[in-house]
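Work through the following exercises with the sequence and the model open beside you. Try each task before you read its solution.

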Amino acid sequence: MTVSKVYYTDFRAHLGEGLPTKLKRLLYAAGIKQIDMDNKFAAIKMHFGEMGNLSFLRPNYAKAVADVVKELGGHPFLTDCNTLYPGSRKNALEHLYCAWENGFTPMTVGCPVLIGDGLKGTDDIEVPVAGGEYIKKAKIGHAIMDADVFISLTHFKGHEMTGFGGAIKNIGMGCGSRAGKKEQHSNGKPFISQGECRGCKQCMRECANNGLEFDEQTEKMSVNLNNCVGCGRCVGACNFDAIEFQNDAATKELNCRMAEYTKAVVDGRPNFHISLVVDVSPNCDCHPENDAPILPNIGMFASFDPLALDQACVDACLKAAPLPNSQLSDNYGHEHFCDHHDHFENTTPNSEYKTCLAHAEKIGLGSREYELIFMK
Ligand code: SF4
Ligand code: SF4
């Protein structure tokens, strides 16, 4: 079995060297220089944080990564794709305002911020998944697939559905267009809120399957369940958040689909991955709030292998002691608490998070075996 190298450093800072500089040192130690960046477009995939959330990565870390790309002759841009749910990042305009308000501007990070799947989250490209069992063609944001080099910069934390949110979550779910996210989350078909629908018919322009019917009397749209194939294209077309999907995919399927989407993003081009285990909130940065961290700040990790990176971050977290006055330590006090001897399962018992790691290894995304190399 292949053993991947994962480089790691802690959050101790020596006199005169700030953490962004230390992160740059880590990237060089981990071998990012091996990637030919000369005149290449490099997508740096991250999460800009939902409005109100404060645990997303600081822009200073993104700047450090963008600076390294520029030092190596590349053209970096920060990117993310729009959300399926109607929060503050469901179209490119709201998403950019959110990113700017959270501190990610060209002035602060030293490079442009592009929304990977375009204005309404419909600008995607179908990418074959080699060895995919659940997904044959992943729907990935076009700008992300156009990049010559792919870099993930991940805030490693807990996650209310997938147990932890690491590199695979950031890449697989995060690079999916709105239809791609739908494909990972849902097996079903959309429903249209008749109260929210304004009868504008924009959604009909997106549907290639005659899956929508317009009632001329009520001037409302509805779904023709016989024709609709559940592709999710229509959800981005509606400016009024009238079209919704249930997150009804079983957790195991969601985990496996995420791994397959990740493979679609990274296969066939230079890629490099960075995860910062800091402010380990119990839930995703998609929440408009962040509960207190469940674990201490552990360190910064970097690798060419996104699976080894996730496994190393998980293992480091499992060795750490839960923080008091957190969701995790609260759970220990619950009357029917069942101790799984695993921080992620104790925080989110139904996540089945190990299925993601196992499936990622099965389809050849990377290795769960790794050599951890500490950088002072
Ligand atoms: S999910 Fe796809 S097939 Fe169904 S109504 Fe929407 S666009 Fe049409
Ligand atoms: S785009 Fe939205 S508001 Fe317009 S007809 Fe379709 S569901 Fe109704």
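A search of the whole structure finds 20 salt bridges, a salt bridge being a side-chain nitrogen of Lys or Arg within 4 Å of a carboxyl oxygen of Asp or Glu. This is a predicted model, in which local features need pLDDT of at least 70 and side-chain atom pairs count only at pLDDT 80 or more, while totals for chains, interfaces and linings use all residues. Residues are numbered from 1 along each chain as its sequence is written, chains are lettered from A and ligands numbered from 1 in the order in which they are written, and side-chain values use heavy atoms, with hydrogens and water left out.

**Exercise 1. Two partners of K90**

Compare the salt bridges that K90 makes with E94 and with D241.

Solution. First, K90 and E94 meet with an N to O distance of 3.0 Å. Second, K90 and D241 meet at 3.7 Å, again N to O. K90 lies in the loop between β3 and α3, whereas D241 lies in the loop between β11 (220-223) and β12 (243-244), so this pair joins parts that are 151 residues apart in sequence. As for accessibility, K90 counts as buried at 10%, E94 is partly exposed at 28%, and D241 is partly exposed at 27%.

**Exercise 2. The two sides of helix α3**

Which residues of α3 are buried, and how are they arranged around the axis?

Solution. The buried residues of α3 (residues 92-101) are A92, H95, L96, C98 and A99. They cover an arc of only 160° around the axis, which puts them on the same side of α3; the arc is that of the directions from the helix axis to the C-beta atoms. On the other side, L93, Y97 and E101 are exposed. The background is that an α-helix has 3.6 residues a turn, so residues three or four places apart point the same way. Among the elements covering the buried residues of α3 are β3 (75-80) and β4 (113-115), with contact meaning heavy atoms within 4.5 Å.

**Exercise 3. Ligand 1 and G230**

Describe the shell of ligand 1 by class, and then say where G230 is found.

Solution. The residues around ligand 1 include P190, C207, N209 and G230, a residue being near if one of its heavy atoms lies within 4 Å. The shell divides into seven nonpolar, four polar and one charged, where Ala, Val, Leu, Ile, Met, Phe, Trp, Tyr, Cys and Pro count as nonpolar, Asp, Glu, Lys and Arg as charged, and the others, Gly among them, as polar. G230 is found in the loop between β11 and β12, and at 6% relative accessibility G230 counts as buried.

Note on methods
Buried means under 20% relative accessible area, exposed over 50%, partly exposed in between (1.4 Å probe, protein chains only). Helices (H or I, at least four residues) and strands (E, at least two) are DSSP runs, numbered from the N terminus.
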